[in-house]
Amino acid sequence: MEVLKLSEIAEACGGSYSKDVAINAVCIDTRKITNGCLFICIKGERFDAHQFAEEALQKGAGAVMICEEIEVNGPFVKVADTSKALLDLGGYYRSKFNIPIVGLTGSVGKTTTKEFTHLVLNAKYNAIKTQGNLNNEIGLPQMLFQIDNSVEAAVIEMGMNHFGEIHRLVTATKPTIGIITNIGVSHIENLGSREGILKAKLEILDGLEKGAPLLLNGDNDLLKTVKDDNHKIYFYGIESNADFKATDIVEENNKTTFIVNYFGNKKEIEIPTIGIHNVYNALVAFATGYFLQIDEDDAVNALKNYEPSGMRQKCVNVNGITSIEDCYNASPDSMKAAINTLKNIKANKKIAVLSDMLELGDFSKEAHFSVGEMVAENKIDYLLCVGKDSKYIVEGAKSKGLQNAFLFDSKEQLTDELYNVVEKGDAVIFKASRGMKLEDIISSIYKRWENK
């Protein structure tokens, strides 16, 4: 982060300050205090960081930001709302840099698209990307503060679950290129309908530079209808007649190749992962590079370096058994993508280990049931489930004729059955929301498979 004066910070946040000092970083966690930083006292539902203001100063913070009347033995800036001020300050700080910034959102695929896009940008620029889950109103400004004079580009992910959130995030980020990966059903309980989700995602236009490109998945039934007079809209896809269209898709040996067709040109792309949804992710990353004048060959070579992060469709071989770890998060859309991935794998038997999708509200029963139907329709051999709402997955699968669909009372019972069912040459996918912690099954079964 480049140095700011406390007076400058106060003005950007509509606050007042006690003494002008130089600030070289922003921090909201006393465990990460550095000398000369500004410690912002975030006031949440379960905690109030004002109680740590004095500790922050003692640890070397140059000043603290407060919104309460407390005794402070050091420089401070006082604002009406520290959480809002954090985002306001992030937006002010971002405006000091004239660099390309990609802002991306979507119901699913945001993080993988971010990873692919960052690889492409790094082929030309010294680029940063959103780390972990720093994609909300507290995390996103922390990413903006990582921009300094050495940073030449950034990929910023924006998450949301209510109306207005993307608006606030995008007006701080001020992206020069926008991406919406898809419109699914994530957070539908807060937004009412998929049309409501589309409306919330299109808030990205509120902060996108006028005339800037907005890249949309043309195969998504709602996104393909989007029009806007103030921005240049381009579509990418597989099924539609898109500006960037993928053809000749081949999945084998844990890699995917395809041809991207764009404006009369063609390039072959290879990515070291499988799943049709990853073709979309790589496709839009390539398109982003095109609009940033990144050499097409450099972009193609960069995409070859992708490595799945966390438990996002990481494919491993354990003693002759293909395992796909995909339990970082789950929604009906990402479940469908996971099942399609399993369907396309060459294996003796195909086994889906699934658990609950969270945060679906009243839509949960219907969503889980439809996932079960998809499992059966895609000719998956075994379905093993655990979790309260996963009973509907099993019901859905059985309604479409899959007899080998089972619900277990515990992860231990499921693990035992999985061990009995699986053989060398089989493929297994693990998919659920992060809160279901399917990694408990993964770590246990891997130890047993190694000796199978």
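This is a predicted model: local features need pLDDT of at least 70, side-chain atom pairs count only at pLDDT 80 or more; totals for chains, interfaces and linings use all residues.
Me: What makes strand β18 largely enclosed by the rest of the structure?

Reply: A residue is called buried when its relative accessible area is under 20%. In strand β18 (residues 321-326), 6 of the 6 residues are buried, so the strand is largely enclosed by the rest of the structure. In a regular strand the side chains alternate between the two faces of the sheet. Both faces of β18 are covered: I321, S323 and E325 are buried on one side, and T322, I324 and D326 are buried on the other.

Me: How do you know that β17 and β18 are paired strands?

Reply: Pairing requires at least two bridges between two strands. Strand β17 (residues 314-318) and β18 have 5 bridges and pair in the antiparallel sense. Within this pairing, V316 has S323 of β18 as its bridge partner. The two strands form a hairpin with 2 residues between them, where N319 takes a positive phi near 55 degrees.

Me: Which strand is joined to β18 in the parallel sense?

Reply: Strand β22 (residues 427-431) runs parallel to β18, and 5 bridges join them. Here I324 stands opposite I429 of β22.

Me: What makes strand β8 an enclosed strand?

Reply: The same cut-off applies, under 20% relative accessible area. In strand β8 (residues 101-105), 5 of the 5 residues are buried, so the strand is largely enclosed by the rest of the structure. I101, G103 and T105 point one way, V102 and L104 point the other way, and all are buried.

Me: Which strands pair with β8 in the parallel sense?

Reply: Strand β10 (residues 153-157) pairs with β8 in the parallel sense over 4 bridges, and G103 has I156 of β10 as its bridge partner. Strand β11 (residues 177-180) also pairs with β8 in the parallel sense over 4 bridges. There, T105 has I180 as its bridge partner.

Me: Why are β9 and β16 called edge strands?

Reply: The open sheet consists of 9 strands in the order β9-β10-β8-β11-β12-β13-β14-β15-β16, with mixed pairing. β9 (127-129) and β16 (265-271) each have a single partner strand, so one side of each is left without a neighbour in the sheet. On average, neighbouring strands of this sheet are turned by 20 degrees against each other, direction ignored.

Me: What makes β13 and β14 a pair?

Reply: The requirement is at least two bridges. Strand β13 (residues 232-237) and strand β14 (residues 244-252) have 2 bridges and pair in the parallel sense. Y236 stands opposite F244 of β14.

Me: Which helices pack on the sheet?

Reply: Helix α4 packs on the sheet and touches β8, β9, β10, β11 and β16, with its direction at about 175 degrees to that of β10. Helix α10 (residues 296-303) also packs on the sheet, touching β15 (255-262) and β16, and its direction makes about 20 degrees with that of β16.

Me: How do you know that α4 meets helix α9?

Reply: Contact means heavy atoms within 4.5 Å. T112, T113, F116, T117, V120 and L121 in α4 meet residues of α9, including N278, A282 and F286. The axes of α4 (residues 110-121) and α9 (residues 276-291) come within 8 Å and cross at roughly 35 degrees. The crossing of α4 past α9 is right-handed.

Me: Which residues touch the most other members of the largest nonpolar core?

Reply: They are I9, L38, M65 and I147, in a core of 58 residues. Helix α3 (residues 82-94) gives the most to this core, with 5 residues. A second, separate core of 37 residues includes I269, L283, V284 and A287. In soluble globular proteins, nonpolar side chains tend to be buried together.

Terms used:
Residues are numbered from 1 along each chain as its sequence is written. Side-chain values use heavy atoms; hydrogens and water are left out. Buried means under 20% relative accessible area, exposed over 50%, partly exposed in between (1.4 Å probe, protein chains only). A nonpolar core is a set of buried Ala, Val, Leu, Ile, Met, Phe, Trp, Tyr and Cys residues joined through side-chain atoms within 4.5 Å. Axes are lines fitted to C-alpha atoms, for helices over the stretch in contact, and angles run from 0 to 180 degrees between N-to-C directions. A crossing is left-handed if the near helix is turned anticlockwise from the far one by less than a right angle, and right-handed if clockwise.
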